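This briefing is for a reader meeting the structure for the first time. Please look over the sequence and the model before reading on.

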Amino acid sequence: MKGLILKDFMNLKQQWKVWAIFLIFYGFMSVSTKSNSMGAMIIVMCAILPTTFMSYDEKANWDKYALSMPLSRDDMVLSKYIISIFFFAAAFLLNIVLNLLMGSTEIEKMLFESTILSTVGILYISIILPILFKYGVEKSRLIVLMVFFAPWIIVVLFLKLNIDVPYKQIFNKPSLILPLISIVIFIISILISLNIYKKKEL
């Protein structure tokens with residue numbers, strides 16, 4: 001399991017410099033303008049990472065090779081979920097640091113915003129990972145794009161039709177309904193992916 005996670009980190013080696021430059025530049029702009037859009041951008045970057053990992057694996061026919069070693073199919077699936085959670089946890093902490101650099105002293109607000117951003121990213125991952133395991137990266141590109149843009153399209157339609165979007169109920173600080181829902185969906189997603197991958201012919 002550890003080896004699989006390290007392998008994914010190594011696959012990103014060529015992109016680390018690009019990521020670092022992006023984070024430094026965008027972080028500087030966010031702090032200068034007092035805008036927290038950086039947090040959303042980090043979540044978007046983390047959300048597309050599993051697709052990047054699995055794309056590398058698919059091009060190298062990694063799965064066939066890996067399963068010839070003492071690795072189980074469960075390990076192959078769980079490693080992708082674990083590394084995704086790692087990056088979202090890092091994004092959570094980075095967003096808090098960014099808020100502190102911008103001079104924000106409202107700890108409750110910082111935690112709430114960071115939690116919501118990470119939660120949305122986890123919901124996205126929970127939806128696309130079973131799809132990627134089922135169809136592969138190349139065949140899933142259109143579906144992944146549809147999943148990514150669907151929430152934005154729905155919100156725009158709601159606004160155009162003057163339908164009230166229940167933001168207060170979903171993003172209510174005391175209740176934090178969305179994080180609880182995301183945990184349940186994440187667990188269900190893992191079970192679905194495990195079942196799909198066990199039956200998949202490689």
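The model is a predicted one. Its largest nonpolar core has 37 residues, and helix 1, helix 3, helix 4, helix 5, helix 6, helix 7 and helix 9 each give two or more residues to this core.

**The nonpolar core**

- Tyr81, Phe87, Phe88, Ile128, Leu129, Leu132 and Phe133 are the residues that touch the most other members of the largest nonpolar core.
- Among the elements that give two or more residues to this core are helix 5, which spans 73–101, and helix 6, which spans 107–135.
- Phenylalanine 88 is in contact with Ile43, Cys46, Ala47, Ser118, Gly121, Ile122 and Ile125, when its neighbours within four places in sequence are left aside.
- In soluble globular proteins, nonpolar side chains tend to be buried together.

**Helix 1**

- Helix 1 covers residues 2–11, and Leu4, Ile5, Lys7 and Asp8 are buried in it.
- Seen down the helix axis, the buried residues of helix 1 fall within an arc of 155 degrees, so they line one face of the helix.
- Lys2 and Met10 are exposed, and they sit on the face of helix 1 turned away from its buried side.

**Tryptophan 62 and helix 4**

- Tryptophan 62 is part of helix 4.
- Its relative accessibility is 17%, so tryptophan 62 counts as buried, the cut-off being under 20%.
- Leaving aside neighbours within four places in sequence, tryptophan 62 is in contact with Leu4, Lys7, Asp57, Met69 and Met76; Leu4 and Lys7 are buried residues of helix 1.

**Asparagine 61**

- Asparagine 61 is found in the loop between helix 3 (37–59) and helix 4 (62–66).
- Asparagine 61 is exposed, with a relative accessible area of 52%.
- The phi of asparagine 61 is near 50 degrees, a positive value in a residue other than glycine.
- Most residues other than glycine have a negative phi.

**Serine 189 in helix 9**

- Helix 9 runs over residues 177–199 and contains serine 189.
- Serine 189 is buried, and its relative accessible area is 2%.
- Not counting residues up to four places away in sequence, serine 189 touches Tyr81, Ile125, Ser126 and Pro130.
- Of these residues, Tyr81 is one of those that touch the most other members of the largest nonpolar core, and Ile125 is also in contact with phenylalanine 88.

**A nonpolar surface patch**

- Leu145, Phe149, Ile153 and Leu157 make a nonpolar surface patch of about 390 Å².
- Phenylalanine 149 lies in helix 7, residues 137–160.
- Phenylalanine 149 counts as partly exposed, at 43% relative accessibility.

Methods: Residues are numbered from 1 along each chain as its sequence is written. This is a predicted model: local features need pLDDT of at least 70, side-chain atom pairs count only at pLDDT 80 or more; totals for chains, interfaces and linings use all residues. Side-chain values use heavy atoms; hydrogens and water are left out. Buried means under 20% relative accessible area, exposed over 50%, partly exposed in between (1.4 Å probe, protein chains only). Helices (H or I, at least four residues) and strands (E, at least two) are DSSP runs, numbered from the N terminus. The arc is that of the directions from the helix axis to the C-beta atoms. Patches are made of residues with over 30% relative accessible area and no salt bridge: like charges are joined within 9 Å, nonpolar side chains (Val, Leu, Ile, Met, Phe, Trp, Tyr) within 5 Å. Accessible areas come from the Shrake-Rupley method with a 1.4 Å probe; for residues, only the protein chains shown count as cover. A salt bridge is a side-chain nitrogen of Lys or Arg within 4 Å of a carboxyl oxygen of Asp or Glu. Contact means heavy atoms within 4.5 Å. A nonpolar core is a set of buried Ala, Val, Leu, Ile, Met, Phe, Trp, Tyr and Cys residues joined through side-chain atoms within 4.5 Å.
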